[in-house]
Amino acid sequence: MSVATLPAESTPASERVARAQAVARKRWLRTRWGLSAPALIIITLFGILPLMIMVIYSFLEAGEYGGVVWNFSTDAYVSFLFQRDIFDGTLSFSPDYLVIYLRSIILAFATTVICLVLGFPTAYFMATRPPARRQLWVFLITIPFWSNLLVRTLAVMLIIRDEGIVNDVLLWLGVIDKPIVMLFTNFAVMLGLLYSFLPFMVLPLYASLEKMDFRLVEAGFDLYATRGKVLRRIIIPLAKPGIVAGCLLVFIPAIGAYVTPLILGGGKHLMIGALIALQFGSSRNWPLGSAQALILMAGVLIALLFYVRSTTGKAQAFHG
Amino acid sequence: MNLRLLGLAGAAALVMTATSAMAAGGELHIYNWGNYTNPKLIEKFQKETGIKVTLDNYDSNETMLAKVRAGGTGYDIVVPSDYTVKIMIEEGMLAETHPNQMPNFKNVKPQFIDIYWDKGRNYTVPWQFGTTAFGVNTAKYKGDIDTYAILFDPPDSLKGRINMLDDEMSVIHAAERYLGVPRCGSDPANLKKVNDLLQKAKPYWRTISYDTEPKMTSGDVDVTQDWNGDSRRIRLQVPTVKYAYPKEGIEGWMDNVAVLKDAPNMENAKAFQNFVMDPENAALISEFASYGNGITGSDKFMPADFANSPEIKAPPGSPTPEFVPPCSKEVLEIYNKIWTNLRK
Amino acid sequence: MADATLTDVPISTVSKGRPRKALDLRYQPGFGTIAVCCLVLLYAPILVLTIFSFSSGPSITRWSGFGLNWYVAALHNAGFHAAALNTLKITITATIVSTLVATAAALATTRTRRWPGQTASFIVINLPLMVPEIITAVASLSFFALLASVAHVNLGLGNLMLVHTVFCIPFAYMPIRARLEDMDLTLEQAAADLYATPWKAFRRVTLPLLMPGISAGAALAFIVSFDDFTITQLVAGPGQTTLPLFIWDRTRLPLTPEVNAMSTILLGISIVFVTVSFLIARRRRA
């Protein structure tokens with residue numbers, strides 16, 4: 001419903017129409033706000049307010065033994081990029097934290113891509129099962145996560161360690177003669193992340209794909225398209241909302257992942273999650289931890305904004 | 001449902017909970033390290049005093065510190081390590097319960113009374129103590145293990161087979177001992193030496209993690225930095241593992257029972273502190289997590305093979321354990337830099 | 001919708017000279033294999049951990065004979081019961097509330113023209129997703145402590161339920177939104193044409209269409225809340241230990257197959273629950 005442009009001279013009739021339209025629009029807006037209110041209120045109260053505390057912390061001084069001292073200071077942000085040399089005290093650019101950030105981002109990105117490559121076919125397969133079986137598949141994907149993350153990760157370790165199941169089988173078969181080192185490498189971390197986040201890609205994709213009618217029997221006939229072309233040109237663009245949702249739900253948590261990379265990666269290389277946790281732990285530098293987190297969030301926010309702009313504003317007819 | 005009936009049921013429930021709390025002698029809320037409290041100890045305490053005990057766990061001093069600092073935790077007893085006790089006393093988080101005036105105080109070993117974190121024991125009571133060094137699987141290396149060179153300049157058969165603790169202080173202090181420079185020293189030249197040593201040694205390490213036990217028992221590593229009790233438990237599964245007593249010095253630590261200033265059950269907490277100083281109870285604490293304690297006379301209540309194991313009773317000639325106070329903020333900043341540099 | 005345009009296309013036999021067989025898009029080569037591979041990936045560690053729960057010895061890395069002793073130990077473990085109960089209470093509440101709230105929010109922010117505050121709403125709704133866990137943990141801890149000391153409000157387990165709900169909302173929201181976007185509006189408009197009220201149209205038309213998205217969102221919210229460790233560790237008060245905390249705490253002493261037994265018990269419960277709900281759904285449809 002578009003707000004009518006009033007003719008040059010407004011008649012009583014057109015005025016009534018305009019007023020009715022304005023009232024309807026107000027009601028429409030109220031519905032929008034009303035529906036989103038519960039989410040907004042809960043998150044504002046219990047998500048944003050606590051976050052404000054962290055923003056404030058990032059501009060304070062670190063306490064002697066942890067915690068913060070109420071003096072304004074931008075030390076946290078400065079020390080993110082610059083560090084003082086221990087001999088002469090001069091500030092110099094230090095890429096330490098950037099290296100850690102970059103590694104986490106690359107790993108998270110790789111995980112997202114692999115999740116997508118594996119998850120799309122899986123979701124497609126699930127969405128094309130007979131309707132009665134689809135819900136079963138959703139459960140099948142979800143059930144493994146009813147166990148505990150730590151125990152699952154330990155089981156993964158058991159499978160890929162040097163004397164683990166995979167190596168034992170391969171050695172026994174004679175395929176290899178020395179165990180393949182898989183544990184405590186980047187591979188192990190990605191495997192762990194893939195394991196944890198696969199449902200986060202599959203389920204949104206499934207939700208998006210499931211609404212498609214796959215009995216497009218005549219699809220692409222006149223175009224002499226092959227199966228692959230139909231997939232590429234028609235189905236994937238239609239599944240875009242699911243793809244983007246899945247990628248966001250995998251990439252963002254994967255950047256800040258803490259437990260899985262710690263256990264499977266061996267700890268020789270820090271990821272962002274562990275780095276920030278360290279600041280609240282033995283490094284006793286809460287302002288720095290807060291600043292690091294906020295810098296991370298700023299980057300992610302930009303990506304999210306991009307997503308919002310590209311998917312909203314599609315003017316469609318709606319229920320009046 | 002009949003409203004009156006509901007009200008009666010509610011009142012009855014209220015009365016029941018109130019009387020049960022009163023009749024049982026009150027409650028005690030303990031916040032301790034995970035898997036660190038002998039259930040038999042709690043049972044004994046509950047039976048002797050009628051106090052109902054709840055037990056929750058934390059996995060690091062810093063987690064506990066963050067919660068206590070935020071306030072209003074509802075816990076009565078916490079069990080901080082030595083340096084954390086000093087921090088908590090200085091920040092006014094602990095109640096001055098004067099264990100030195102309690103009846104069982106006479107059992108405390110003299111060397112644990114005037115320690116740096118609680119001189120004269122006005123706040124805390126010893127729980128357990130131990131040392132931090134490393135364990136070596138002697139099946140893989142037969143030479144002398146009593147030196148930090150094993151960690152920082154290992155023989156070829158151990159290169160790439162070492163696990164270090166994911167603990168800034170333990171690793172850096174060990175490096176300082178190996179180099180012969182003071183702990184928490186602020187001399188930039190020394191700190192640079194530490195940084196260089198750690199960078200040089202990093203390729204020899206396989207992992208940096210607290211998960212020492214599964215790594216040794218499954219053969220992922222052959223050497224691990226760990227605590228004495230840990231090493232003893234590993235030895236029980238892998239008999240060729242030996243705990244080292246490095247000649248350059250060994251780190252000591254002690255966990256202590258402290259009462260929070262805002263503890264809701266102050267008297268019960270004090271009763272628990274006194275309870276823990278009894279030799280028989282101290283023995284219960286020790287044998288559960290496999291560490292020594294600071295109470296005299298507890299040896300005769302412990303199984304002989306435990307009390308005499310080389311991890312608990314240090315061989316003669318080994319260095320005295322050194323308890324290290326927390327470093328100053330300036331030094332810690334540099335430590336953090338070294339640690340991040342190492343882990344990036 | 002795609003098929004609206006494609007079904008009017010006449011069958012052409014000109015260029016290829018003979019009629020082509022119908023293209024059944026439900027089948028894509030290799031997709032089934034990949035789906036099965038994913039299942040294998042997900043279930044292999046589960047199988048391993050289940051097998052080791054039957055190992056009678058104390059090691060979780062070396063098999064030592066068959067035995068049910070760890071199941072006995074787990075079932076008698078009072079701490080395990082308490083932790084499991086806490087976890088279920090928190091997770092179920094968080095899942096239900098966050099899914100309801102997320103559904104409403106998705107309806108409000110999708111398939112519409114721009115309304116003022118839409119982008120901001122979207123950002124706010126997804127804020128918990130962006131915040132690193134440790135930050136949420138410390139921030140929530142400070143917040144609840146402040147609440148307790150200044151306003152004397154302590155909700156007990158409710159604190160944890162609230163925090164869990166907050167970070168579950170984005171995980172429930174995204175699949176529902178993905179489902180809703182580009183969803184066929186003609187059905188709802190048809191309902192309107194048939195004089196259905198907006199609420200009735202929603203209940204009878206939109207909601208059933210949205211169901212797969214809602215169940216996907218609920219499933220994700222459940223997973224996220226069930227396994228949460230970092231945030232729960234800092235916000236939990238006395239007696240509020242949850243399963244992840246409980247199991248993690250046991251890692252100080254050597255992990256025994258008892259944790260495997262506990263996990264398998266949980267898996268067993270979930271499989272029973274799934275089977276029951278599946279049978280009920282089948283009954284209802286028949």
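In this predicted model, chain A and chain C bury about 11600 Å² between them. Carbon and sulfur atoms account for 77% of that area. On the chain A side, 122 residues are in contact with chain C. On the chain C side, 119 residues are in contact with chain A.

Charged and polar pairings across the interface of chain A and chain C were then counted. Two salt bridges are found. The side chains of Arg179(C) and Glu210(A) form a salt bridge, with an N to O distance of 2.8 Å. Polar contacts join six residue pairs between chain A and chain C, with both residues at pLDDT 80 or more. Helix H1 of chain A, residues 12-58, provides the largest share of the side of chain A that touches chain C. Its contribution is 23 residues. By class, this side of chain A holds 90 nonpolar residues, 19 polar residues and 13 charged residues.

The interface of chain C with chain B was examined in the same terms. Here 21 residues of chain C are in contact with 25 residues of chain B. The area buried between the two chains is about 1900 Å². Carbon and sulfur atoms give 51% of it. No salt bridges are counted between chain C and chain B. Polar contacts are present, however: seven residue pairs are counted, both residues being at pLDDT 80 or more. Three helices of chain C each supply at least two residues of the side that touches chain B: H6 (133-150), H10 (230-235) and H11 (243-249). H10(C) gives the most, with three residues. The side of chain C that touches chain B comprises 10 nonpolar, seven polar and four charged residues.

The search returns 12 cavities of 30 Å³ or more. The largest cavity has a volume of about 660 Å³. Its lining consists of 35 residues. Those closest to the centre of the largest cavity come from chain A and chain C. They are Phe197(A) and Pro253(A), together with Glu133(C), Val224(C) and Asp228(C). Helix H7 of chain A, residues 186-209, gives the largest share of this lining, with four residues. By class, the lining of the largest cavity has 26 nonpolar residues, five polar residues and four charged residues.

The second largest cavity has a volume of about 150 Å³. It is lined by 16 residues. Nearest its centre lie Leu154(A), Ala155(A) and Leu158(A), along with Ile60(C) and Thr61(C). Helices from chain A, chain B and chain C each supply at least two residues of the lining of the second largest cavity. From chain A comes H5 (149-160). From chain B comes H8 (212-217). Chain C supplies H2 (31-52) and H12 (257-285). H5(A) makes the largest share of this lining, with five residues. The lining of the second largest cavity divides into 11 nonpolar, two polar and three charged residues.

Key: Residues are numbered from 1 along each chain as its sequence is written. Chains are lettered from A and ligands numbered from 1 in the order in which they are written. This is a predicted model: local features need pLDDT of at least 70, side-chain atom pairs count only at pLDDT 80 or more; totals for chains, interfaces and linings use all residues. Side-chain values use heavy atoms; hydrogens and water are left out. Contact means heavy atoms within 4.5 Å. Buried area is the accessible area (1.4 Å probe) that two parts lose on being put together, summed over both. A salt bridge is a side-chain nitrogen of Lys or Arg within 4 Å of a carboxyl oxygen of Asp or Glu. A polar contact is a pair of N or O atoms within 3.5 Å; within protein, one must be able to donate a hydrogen and the other to accept it, and residues adjacent in sequence count only if both atoms are side-chain atoms. Ala, Val, Leu, Ile, Met, Phe, Trp, Tyr, Cys and Pro count as nonpolar, Asp, Glu, Lys and Arg as charged, and the others, Gly among them, as polar. On a 1 Å grid over the protein atoms alone, a cavity is a set of points where a 1.4 Å probe fits but cannot get out, and a pocket is an open set with protein on both sides within 12 Å along at least five of seven lines; lining residues have an atom within 4 Å of a point. Grid points are joined across faces, edges and corners, and a volume is the space filled by probe spheres set on the points.
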